[in-house]
Amino acid sequence: MPIPPARKVLDGIPPYKPGRPADSDDLKLSSNENPYPPLPGVMKRATEALERINRYPDAGMTDLYDALGKKFDLPTERFAAGTGSVAVLFSLLSAYCEAGDEIVYAWRSFEAYPIAADMTGATSVRVPLRPDATHDLIAMAEAVTERTKVVLVCTPNNPTGPAVTQEVLESFLDVVPDHVLVVVDEAYVEFVRSEDAASGLSCLLDGHDNVVVLRTFSKAYGLAGLRVGYAIADPDVAASIRKATPPFTVTDLAQAAAVASLESEDELMERVESIVGERTRVRRALISQGWEVPDSQANFVWLPLGDDATAFAEACAPLSVRPFAGDGVRVSIGDPAANDRFLKASAAFRA
Ligand code: PMP
């Protein structure tokens, strides 16, 4: 008897191919991770949580929601956490979208978007970025139809780097009908330094109840391996996301580390500041080497290399960077030594 076929939609989803593994973590500039090791206080709390792994985690995520409520001065029912913001996005889309619906997003943007969209059965509507690698929110607003359920706005945009401006986001929200959820993916928000950058959170709190903000502990907080992300939304939206999320997914270990990180935010943000300093240094150096590099408000830079993308990434070995074949290469900001090595490789490629 033949085994049952999986849903047709999976035929269009390529199997996950991990990038070329780096010989050491110091050489890995391909996943936008934080190069700093966990803070001792965070390690301590996570280790304490290990002592009770015979028990299920707190499915209500009480301490985490309380800590987030305190950080943002918001009621806890506005949050919905999951195993990374990508999992929260999957829950959100499965809560709101089905076959016949449309999900609008810019392209190129975060690679999980088409997969998460396809899995719901909804149709992806991709709107090209502008030539300067920024979102075209005018074209995205024009792409909205009565079938559109969700628009995804990634700011700063992975993998290209620029942030949407507040003015542009507000104009967009003013024209998009209220039946459309606007997901503002702020995975890299802590690295933003541009003064006119958009804040999805301020739009949500200013009365745009259809805005959902996605945040993560994976980048600025350095907990990528523990998998914690969350949405901030209207309480009804947050409740729907929570319902669509399997229970017990965020471990006590991860919840404890996330809470401890929020308590050590000042120290973590000092590290973010040095990553931002390195980003500025790397981008300036690349520009003086003659590369075209769009503005980056995140912890990576983008080189729009077109057909040279794969060859460039190979030439960076043993550093691991992230090529997008035929389009460009994304290089995460690492520690200063790794960044220096990368700049040597980029100079050698140009020579
Ligand atoms: N959104 C964007 C734009 C990202 O780049 C990433 C990570 N690469 C995520 C969300 C997911 O982060 P996580 O699932 O680790 O929270």
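Predicted model: local features only at pLDDT ≥ 70, side-chain atom pairs only at ≥ 80, totals over all residues.
## Domains

Residues are numbered from 1 along each chain as its sequence is written.

Domain 1 puts 24 residues into the contact, and domain 2 puts in 25. Two residues are in contact if their C-beta atoms, placed from the backbone, lie within 7 Å.

## The domain 1 face

Three elements each supply at least two residues of the side of domain 1 that touches domain 2: helix 10 (265-288), strand 8 (300-303) and strand 9 (322-324). Helices (H or I, at least four residues) and strands (E, at least two) are DSSP runs, numbered from the N terminus. Helix 10 gives the most, with 5 residues.

This side of domain 1 holds 14 nonpolar, 5 polar and 5 charged residues. Ala, Val, Leu, Ile, Met, Phe, Trp, Tyr, Cys and Pro count as nonpolar, Asp, Glu, Lys and Arg as charged, and the others, Gly among them, as polar.

## Helix 10 against helix 12

Helix 10 also packs with helix 12 (residues 336-350), at an angle of about 10 degrees and with the axes 11 Å apart. Axes are lines fitted to C-alpha atoms, for helices over the stretch in contact, and angles run from 0 to 180 degrees between N-to-C directions. The two helices are therefore roughly parallel. Angles under 35 degrees count as roughly parallel, over 145 as roughly antiparallel, 65 to 115 as roughly perpendicular and the rest as oblique.

Helix 10 makes the contact with E278, V282, A285 and L286, and helix 12 with P336, N339, L343 and S346. By class, the contact has 5 nonpolar, 2 polar and 1 charged.

## Ligand shell

Around the ligand are 13 residues, the closest being G84, V86, T216, S218 and G229. A residue is near a molecule if its C-beta atom, placed from the backbone, lies within 6 Å of it. The shell divides into 5 nonpolar, 7 polar and 1 charged.

## V192

V192 sits in the loop between strand 5 (181-185) and helix 7 (200-205).

Not counting residues up to four places away in sequence, V192 touches P156, A163, A197 and Q297. V192 and G84 lie 108 residues apart in sequence and 20 Å apart in space, C-alpha to C-alpha.
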